[in-house]
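Open your viewer and get ready to select things one by one. This tour tells you where to click next and what sits there.

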4 protein chains.
Amino acid sequence: MTFSVAVVGASGYAGGELLRVLADHPEFEVRTVTANQSAGLPLGEVAPHLRSLAHLTLRETTPEVLAGHDVVFLALPHGMSGAITEGLDPQTLVVDCGADHRLTDEAEWATFYGGDFYGAWPYGLPELLHGGTGGYGKQREQLVGVKRIAVPGCNVTAVTLGLAPGLRAGVISPQDLVAVLAVGPSGAGKSLKPHLLASEILGSAMPYAVGGTHRHVPEIRQNLQLTGAGAVSISFTPVLVPMSRGILATATARLEPGVSAADVRAAWELAYNGEPFVHVLPAGRFPKTADVVGANTALIGLAVDEAAERVVTITAIDNLVKGTAGAAVQSANIALGLPETLGLTVNGVAP
Amino acid sequence: MTFSVAVVGASGYAGGELLRVLADHPEFEVRTVTANQSAGLPLGEVAPHLRSLAHLTLRETTPEVLAGHDVVFLALPHGMSGAITEGLDPQTLVVDCGADHRLTDEAEWATFYGGDFYGAWPYGLPELLHGGTGGYGKQREQLVGVKRIAVPGCNVTAVTLGLAPGLRAGVISPQDLVAVLAVGPSGAGKSLKPHLLASEILGSAMPYAVGGTHRHVPEIRQNLQLTGAGAVSISFTPVLVPMSRGILATATARLEPGVSAADVRAAWELAYNGEPFVHVLPAGRFPKTADVVGANTALIGLAVDEAAERVVTITAIDNLVKGTAGAAVQSANIALGLPETLGLTVNGVAP
Amino acid sequence: MTFSVAVVGASGYAGGELLRVLADHPEFEVRTVTANQSAGLPLGEVAPHLRSLAHLTLRETTPEVLAGHDVVFLALPHGMSGAITEGLDPQTLVVDCGADHRLTDEAEWATFYGGDFYGAWPYGLPELLHGGTGGYGKQREQLVGVKRIAVPGCNVTAVTLGLAPGLRAGVISPQDLVAVLAVGPSGAGKSLKPHLLASEILGSAMPYAVGGTHRHVPEIRQNLQLTGAGAVSISFTPVLVPMSRGILATATARLEPGVSAADVRAAWELAYNGEPFVHVLPAGRFPKTADVVGANTALIGLAVDEAAERVVTITAIDNLVKGTAGAAVQSANIALGLPETLGLTVNGVAP
Amino acid sequence: MTFSVAVVGASGYAGGELLRVLADHPEFEVRTVTANQSAGLPLGEVAPHLRSLAHLTLRETTPEVLAGHDVVFLALPHGMSGAITEGLDPQTLVVDCGADHRLTDEAEWATFYGGDFYGAWPYGLPELLHGGTGGYGKQREQLVGVKRIAVPGCNVTAVTLGLAPGLRAGVISPQDLVAVLAVGPSGAGKSLKPHLLASEILGSAMPYAVGGTHRHVPEIRQNLQLTGAGAVSISFTPVLVPMSRGILATATARLEPGVSAADVRAAWELAYNGEPFVHVLPAGRFPKTADVVGANTALIGLAVDEAAERVVTITAIDNLVKGTAGAAVQSANIALGLPETLGLTVNGVAP
């Protein structure tokens, strides 16, 4: 059975990547693409890399245009998907790559985003660990058969996957977590901002949203608290570096007393044992982002710094795949009862 | 029917890319990977981006190890495939990504490469145009059912595809061709040479093999002469630029007298009409290499400079895909009677 | 004696580079900086790399603000400097880094730029060769004591320096010149255009102004014709590559009959013998752009391709220094009677 | 008075940068350059960016060749400078850019480096803060008139400058420090290692020495303990990113109880008030590495994350200038009684 698909926001980077992944998916058929500013243009002009979909024409985003699809993927700036979704059939699977339905706490929404709050949807990170009194399990169980999915923020996915195993197992402290990420500018979208010009980013590394102001911070805390670890405090700093895509998250945590390096490794390996898209590398090996470019893979390297009494985790993902479009398709696969890995490659385009 | 495959030289960039393409091919099963220096290591350690093949172990390249496969892909420095092939069953399909069997003229081999000459094999550029007294057609006709294939040099493919249509149609002169290429360093392989260090290439553009000394020059002439255009003279300069993969070939030629811009466009469009992997962009549009990263696609932009009386063609390919591994698989598909496009994506990983 | 200086357009890339060069110049004192959109901001905020000038405040560009300086440098988009200059004292040295006063031919201006034509000023490329019936010499002779200087276009400088010696000496043909340039995006200025976003340029090479439409084409022809070579025809293609600054110009020309490789080398060496900023590398060696980053140096490599019967020249400059700000200061030094090399480094910031 | 200078290891990146800085220094005259593997070659061939020194010839590193200079700069891999220094006049100023004389604790040397221990020399970080019972002051006081100087490790300088003010002022805890650095590959030198190839680093971010194993860790602890803060524990992770030079150090620390954001800012501003090369940016502004390329400047941005109860500092330096060659010259200036800033620019080459 083939599902008909519409992609909203198809002219942006997230929308383009959704199309790239969907184009090679055997059970999805992209029938409609929309993008308000570019409406009327052929997709081949706006996204010349998408040869197999070049014949499609971008349309305006209206309820009529979106009606009648089995799945609607939204790839929009935050604040726009609430209104659009209201015009859609409740039986349509809506997968939102924006931020609007990620946070469960309205106060956090008000602090970090502002504007109308539309409430949380089932969260599209299948490997997210649940623990503690909420019961042990993984997020994928919450996605079967749902009609609404909120895809995580890309940085959130990298940090969550890197730290959650140790928190659920109780081998690291939920306090004094520190994450610093090397990120490519495609995560910021195709926005015309001076600091995103090539001349500014080539040959340079530049932080942004320093000091806990990044919108992904409350989402990280929300995820990590699901592990049952108690109140989480995390210092989070993203650093723009000169690569178009990719996130390398260095996330560190205090070792709990009496925990051995073997305990640490066991916690992470247990958490992701059998996962198709998340892999813990052997001791002494660490990922680079090129390993996962174009792939729905997260690679995690792990070390214990005995002198500093901290665990160091390195997580590499492609912000546009496992960080956005791949997670969207993986979650949609689950929701629709398809094999979870359908249409998703695990092999990176390296070098 | 599934074909069993061995990849020789699996630890290099060309070998790795062959594996990445083959891993998602529905009719090929990679059974054996060899690499002399890394023999004994798991592939997952040498090529961590190839998650779906991480379980394979690299073996030594011996006739015994290679025996019994339907297809053997060779990804080796030139000068090595002749001896290896002698140990292989004549009924095995051998696809050589090295240079050993590309040139038909032994004197050219002696001048540009040297060492033993093993003779030319059927040439793995299906879209190569034949013309003139040799008869009109395309190279793919020469590949059906063959047991030996020589994959073109990556720069050669870009320049040949860019210029051949105009030569076959007689709208440009075969004299005074000029090609300048922006190329990524992965085309030079994983060799430990000082000028290939990241510190040398980041933030810099650097030519090499200036003045007609590059080994791809005679191969370009050989291809272009197949169009029936007569003796070809071409100035060829590659420039290393800071991108890991990709070739952007700017190839220009003198307009023949009385030729209009419409004649020019018609020649190129006719040549590639219906081709699945080679596309001529509309007037006024030109490709960038990001459009074809990871894809078996060649995009060609075309302009006529009336003042300079020259045609300018811009061809973008991924040197490791359409320039090497994709061409190898495309040609193997033809040789084996499979659909030519099987297992090959046309969509690039951009941005 | 110290000259007081104003820089107009100080918030752009050319303006910033002027300030960087002027800040270490022993005889210039930057007293005023202007930039209309950023007027009122401290320079330290707009250009945080210019620590020694961080105390300056950007002002609006008015005749009153600019009055009373010995030298005014203009770093503006074309079309703006004519009106500004009208408000300045004729005894003030005005150095225009924009295009407004480069072309001598009003028809070329109308074709390639449009808008009001303000006429040509003395041209700020001191090493430009004059020849033929116009008399042999160099452009620096035309700059002594002048009060108006038009700084060349950055691509123009690279191509002119690379080809002029052979044309003046008569060893290459002025017809069928071909130049292809790898250029960094800083040459396009700090403009918010989608194709200049980092995500578009990282990992990619992209041509622009293909087919002879670039505004630098008539300026190149104008320069090369000064050599006395007769009518020039040149195919010119710039290719954006992922480095913030730098131009590597590959410029090729047909050898005139009977010319030897030694004749070729002699022509170039003679042309630049004793030049402080332009150097011909020994046979077999070619420059990379990193060699000249931050320096007022042009490095030229030279080869003769016997088979293609063409000379290939490779010229590397920093588009913002020898291509703009360094040329401006070098020319101003000459105009003011200062040592030509004052305040200008020849050493590049590599790697 | 001019000092005669020899640079040992002139063919490497640190040696080349020393020469670039020294070439424009008014009181140093580079008379001798040595490099064992390249001995006999002209410097112009090995380091084509150093035009003003192109006439020098590389010599072998022998006591005879080094004799008779006022200053000898060593730019060698660790383990080599001890023996070389033994052959030098005690009255010669020897400035070692290698690691051999940085650590005061022989046990740390044995753990992190191994081999013969030659003891610590006066430490070449003039802005290093001393505090506590050891007395308040700065390291520059220790450098006046000395004959031996150990230049800090580049990463060490970035992290030390970022954290020391808060530790000396007692506003942050010396425990649970975390530093993650985005670094360019030039810091690893011109060594032919596979992970330093351009193809591996372009488009990718890659950590190394994860888990506290980097040789710069004990040196950071040694520096920070000089502030009087007590035992220091720090988690340190460097991440290679695709820029040739630059370090962006994100260093975070736990706020001590009751400390306000104003206290924090006051501590850093007090520490670097009046420093010519180290600047604390205003609240809300953070540096990028391009701001300091080619300059002897360290820029520090500062934020307090109230929710995470941590201070976040961002320090940008050029690893080859303030991280190596600039620090060497700055310290030599002090040792020789020259103005500390002589020959050192504060303006970065951006964009």
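This is a predicted model: local features need pLDDT of at least 70, side-chain atom pairs count only at pLDDT 80 or more; totals for chains, interfaces and linings use all residues.

Residues are numbered from 1 along each chain as its sequence is written, chains are lettered from A and ligands numbered from 1 in the order in which they are written, and side-chain values use heavy atoms, leaving out hydrogens and water.

**Stop 1: a domain in chain A**

Select residues 4-136 of chain A. An unreviewed UniProt entry lists them as "domain: Semialdehyde dehydrogenase NAD-binding". Color by secondary structure next. Helices (H or I, at least four residues) and strands (E, at least two) are DSSP runs, numbered from the N terminus.

**Stop 2: a salt bridge within chain A**

Now pick Arg102(A) and Glu219(A). Their side chains meet in a salt bridge, 3.6 Å from N to O. The term means a side-chain nitrogen of Lys or Arg within 4 Å of a carboxyl oxygen of Asp or Glu. Which parts of the chain does this pair link? Arg102(A) is in the loop between strand E5 (93-96) and helix H5 (106-112), while Glu219(A) is in helix H8 (residues 216-225). These distant parts are 117 residues apart. Over all chains, the whole structure has 64 salt bridges.

**Stop 3: where chain D meets chain A**

Show chains D and A together. Here 42 residues of chain D are in contact (heavy atoms within 4.5 Å) with 42 residues of chain A. The buried area is about 3,300 Å², and carbon and sulfur atoms give 65% of it. Buried area is the accessible area (1.4 Å probe) that two parts lose on being put together, summed over both.

Zoom in on Asp176(D) and Arg310(A). Their side chains form a salt bridge of 2.4 Å, N to O. Next, select strands E9 (177-183), E11 (234-240) and E12 (247-254) of chain D. They are among the elements that each supply at least two residues of the side touching chain A. That side has 23 nonpolar, 11 polar and 8 charged residues. Nonpolar covers Ala, Val, Leu, Ile, Met, Phe, Trp, Tyr, Cys and Pro; charged covers Asp, Glu, Lys and Arg; the others, Gly among them, are polar.

**Stop 4**

A rotation of 180° with 0.0 Å of shift along its axis superposes chain D on chain A, at an RMSD of 0.0 Å. Click Pro242(D). In chain D, its C-alpha is the nearest to the axis, at 2.9 Å.

**Stop 5: chains C and B**

Switch to chains C and B. The contact takes 42 residues from each chain. Find Asp176(C) and Arg254(B): they form a salt bridge, with the closest N and O atoms 3.0 Å apart. The same surface serves both copies, as 100% of the contact residues of chain C recur in chain B.

Note on methods
UniProt positions are given in the numbering used here, feature names are shortened, and annotations may be inferred rather than shown by experiment. Copies are superposed by least squares on the C-alpha atoms of residues with pLDDT of at least 70 in both.
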